[in-house]
Amino acid sequence: MATTTGDASPLGHVKQSQPLIIIASSLGAVFEWYDFYLYGLLATIITAQFFSGVNETTGFIFALAAFAAGFAVRPFGALVFGRIGDVVGRKNTFLVTMAIMGLSTFLVGLLPSYASVGVAAPIALVVLRLLQGLALGGEYGGAATYVAEHAPDKKRGLFTSFIQTTASLGLFAALLIVIGVRTLVGEEAFAAWGWRIPFIVSIALLAVSLWIRMQLEESPVFQKMKDEGKTSKAPLTEAFGQWSNLKVVLIALFGAVVGQGVIFYTSQFYALFFLEKNLRVDGPTTNILIAIALLIATPAFIFFGWLSDKIGRKYIILTGCALAALTYMPLFHALSKAANPALYAAQANSPVSVVANPDECSVQFDPVGKNKFDKSSCDIAKAYLAKAGISYANVIAPAGTVAQIHIGGTTIPVVNPAVVTGPDKAAAIKAFGAEVKTALTAVGYPEKADPAQINKPMVIAILVLLVLYVTMVYGPIAALLVELFPTRIRYTSMSLPYHIGNGWFGGFLPTAAFAMVAATGDIYYGLWYPIVACAVTVLVGLVFLPETFRRSLHG
């Protein structure tokens, strides 16, 4: 990569060092992603710290929902900061977004727990997540636009692909710090207070990132347009109020970004949660396996960015979406077999089913957090299995039937709360749980994954393949989005579909998928979310998405 400092550009402005441009833009994005991944990695601990006032299944989904709250507001951040970026400039806008994000991350590490201040703790956490999401909504579009507008026409995919690596690098940095602190202080101390350290130390990275970004000049493409008085006075109206551009926004969203977003969160985040929550692999081992896979696969972001400069962006992205839709189900089954072979064998040889009248069964998620799921025999059965992370099938029984759990050839009747009431009910439910646990253990259901039995090479190979899907769709996406829209409204236009696709369709994926699992009892059922989204993206993209890799940005 050539370094050019102090030379006049064809636009009449001073060229900056290309490595500086890429590093400054990417460093900020690494920091932005570091926080989002940090929260995801610590979701189980955050459940205990901030949502301990509700039942365990609801608490975990609440923790994921708080995680998703940051994604919910990202499109609004895209509108606010996208407009500022198209009116004021690229550089100053993403300085502001990084400062907001960084301070919010730091403050998470200082928040009191639910045990200390009650409901004020999760409320404060959600407020900080919302601020982080707003800031990230303006960050990505600014970084991608800034780098692309400095890149040579035939190297935009390569140059912007370095920004795409920042998501994995941010996760990798979060993994390393979490693993390091866990090892240093021990699991008990980490769960109690050590989890705060990764949030607090991020303030140092914020200071470095801000200092580096302050060395940058404005994008030459934007500066030339500003000097000529051609900047947009109403970028929101031009971007979304005119069908000619709104149509392209919708095509970009449903023909590229939706699939890219769900692949990103399925292959990295959902896989992590799946290993820890469903397959019962301990947290440190899960983190190390994910870190190794990322280390191996991350260079492919650069490769697919480079390749998209040679053969185009569209078909690389759509091929990644098609592969994900076709292979997610068998890959996650293979991941289960490799990560917890005892559990996989038990599920195959002694499947669990709940025989009950569906009218008496509640979804195992309570938004208020006060439902103990003990008002019907079906709820008692499913509440135990959901908390234990046991996959089960549903068998319909006629009205009035008291629910039963079948474990292989064993049938266990469930407590009937219509008959057993008062203090006796709690004792009966406890005895029922002990009986189910004994039956599960007898047929080989392990309480946790045995580290000695984990096929680590196979787990890593599957995780690497999942991340390679991410690199296919994510490596070229920044260049594609930048090239789809005119300079005067580029920041605004590209930011909104990116953050709807990643913030809503992708960011809500872990929460929605685990709620789907809780509702059905099938640990693989949540995979239908990304499978359907990827299939839709392939269909829309093939028909409507244009190829862009030979377009000029000067217009």
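This section describes the confidence, domains, helix packing and selected residues of a predicted model.

The mean pLDDT of the protein is 85, and 91% of its residues reach 70 or more. Residues 1-14 fall below 50 in pLDDT, although this stretch has 32 contacts in the model beyond near neighbours in sequence. Where pLDDT is low, the predicted coordinates should not be read in detail.

Two domains are given by the domain assignment of the protein. Domain 1 is made up of residues 18-340 together with residues 452-544, whereas domain 2 covers residues 345-443. The distance between the C-alpha centres of domain 1 and domain 2 is 37 Å.

Helix packing was examined for H14, which spans residues 243-278, and H22, which spans residues 477-484. The axes of H14 and H22 come within 11 Å and cross at roughly 175°. Angles over 145 degrees count as roughly antiparallel, and H14 and H22 are therefore roughly antiparallel to each other. On the H14 side, the contact involves Val-248, Ala-252, Ala-256, Val-257 and Gln-260. These residues meet Ile-477, Leu-480, Leu-481 and Leu-484 of H22. By class, the contact of H14 with H22 has 8 nonpolar residues, 1 polar residue and no charged residues. An α-helix has 3.6 residues a turn, so residues three or four places apart point the same way.

Helix H14 also holds Ser-244. With a relative accessible area of 53%, Ser-244 is exposed, because residues over 50% are classed in this way. Ser-244 and Ala-300 are 56 residues apart along the chain, and their C-alpha atoms are separated by 35 Å.

When residues up to four places away in sequence are not counted, Ser-350 touches Ala-345, Ile-407, Gly-408, Val-443 and Tyr-445.

Burial was also examined for helix H2, which comprises residues 43-50. Of its 8 residues, 6 are buried, so H2 is largely enclosed by the rest of the structure. The buried residues of H2 are Ala-43, Ile-45, Ile-46, Thr-47, Gln-49 and Phe-50.

Terms used: Residues are numbered from 1 along each chain as its sequence is written. This is a predicted model: local features need pLDDT of at least 70, side-chain atom pairs count only at pLDDT 80 or more; totals for chains, interfaces and linings use all residues. Side-chain values use heavy atoms; hydrogens and water are left out. Axes are lines fitted to C-alpha atoms, for helices over the stretch in contact, and angles run from 0 to 180 degrees between N-to-C directions. Helices (H or I, at least four residues) and strands (E, at least two) are DSSP runs, numbered from the N terminus. Angles under 35 degrees count as roughly parallel, over 145 as roughly antiparallel, 65 to 115 as roughly perpendicular and the rest as oblique. Contact means heavy atoms within 4.5 Å. Ala, Val, Leu, Ile, Met, Phe, Trp, Tyr, Cys and Pro count as nonpolar, Asp, Glu, Lys and Arg as charged, and the others, Gly among them, as polar. pLDDT is the predictor's confidence in each residue, from 0 to 100. Domain bounds come from an automatic or database domain assignment. Buried means under 20% relative accessible area, exposed over 50%, partly exposed in between (1.4 Å probe, protein chains only).
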